Amino acid sequence: QVQLVESGGGWVQPGASLRLSCAASGTSISAYAMGWYRQAPGKQRELVAGITSDSRTIYGDFVKGRFAASRDNAKNTVFLQMNSLTPEDTAVYYCRAGRPYLVSNPNYWGQGTQVTVSS
């Protein structure tokens, strides 16, 4: 079992930055692929960023170089640095873990953290 707790969300103005954290417990995530997803009201949940166990990353097309995923296995934590935020980035952001792939069974989700971008 992997428990995931996201933090770092909040309200920011357009153009600002946020750094989300996802702290894992229950087991080491070093062998897990980790992912950040988001879900805006009325929309489907979508992949924001994925990071493999060896720190290769992939991003949703809408990221356009603004976000960066990273991981610190010693701290059992993954991060999502988000820059140049726009109102379209407003959503609940979720962390996901799967081994060896995000979609492997079982996989685990956190409860999410709200990000609101508004002037």
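**Entry 1: Arg38 and its partners**

I note that the model is predicted. Arg38 lies in strand 4 and Asp89 in the loop between strand 8 and strand 9, so this pair ties together parts that are 51 residues apart in sequence. The two residues form a salt bridge, with the closest N and O atoms 2.8 Å apart. I checked the burial of both partners: Asp89 is buried, as is Arg38. Salt bridges with shared partners join Arg38, Glu46, Arg66 and Asp89 into one network.

I then turned to Glu46, whose side chain meets that of Arg38 in a salt bridge of 2.8 Å, N to O. Glu46 is partly exposed, because its relative accessible area of 32% falls between the 20% and 50% limits.

**Entry 2: Other salt bridges**

I searched the whole structure and recorded 4 salt bridges. One of them joins the side chains of Asp54 and Arg56 at 3.1 Å, N to O. Arg56 is exposed, since its relative accessibility of 56% is over 50%.

**Entry 3: Strand 11**

I followed the side chains along strand 11, residues 113-117.

Strand 9 (residues 91-98) pairs with strand 11 in the antiparallel sense, over 3 bridges; Ala91 has Val115 as its bridge partner.

**Entry 4: Thr113**

Which backbone atom lies 3.2 Å from a polar atom of the Thr113 side chain? I found the backbone nitrogen of Gly9. Thr113 has a relative accessible area of 9%, so it is buried. Setting aside residues up to four places away in sequence, I listed its contacts as Glu6, Ser7, Gly8, Gly9, Leu20, Ala91, Val92 and Tyr93.

**Entry 5: Nonpolar core**

I examined the largest nonpolar core, which has 29 residues. Leu4, Met34, Trp36, Val48, Leu80, Met82 and Tyr93 touch the most other members. Elements giving two or more residues to this core include strand 4 (33-39), strand 8 (77-82), strand 9 and strand 11.

I listed the contacts of Met34, again without residues up to four places away in sequence; among them are Leu4, Cys22, Ile51, Val78, Cys95 and Leu102.

Notes. Residues are numbered from 1 along each chain as its sequence is written. This is a predicted model: local features need pLDDT of at least 70, side-chain atom pairs count only at pLDDT 80 or more; totals for chains, interfaces and linings use all residues. Side-chain values use heavy atoms; hydrogens and water are left out. Buried means under 20% relative accessible area, exposed over 50%, partly exposed in between (1.4 Å probe, protein chains only). Helices (H or I, at least four residues) and strands (E, at least two) are DSSP runs, numbered from the N terminus. Two strands pair if DSSP finds at least two bridges between them. A nonpolar core is a set of buried Ala, Val, Leu, Ile, Met, Phe, Trp, Tyr and Cys residues joined through side-chain atoms within 4.5 Å. Contact means heavy atoms within 4.5 Å. A polar contact is a pair of N or O atoms within 3.5 Å; within protein, one must be able to donate a hydrogen and the other to accept it, and residues adjacent in sequence count only if both atoms are side-chain atoms.
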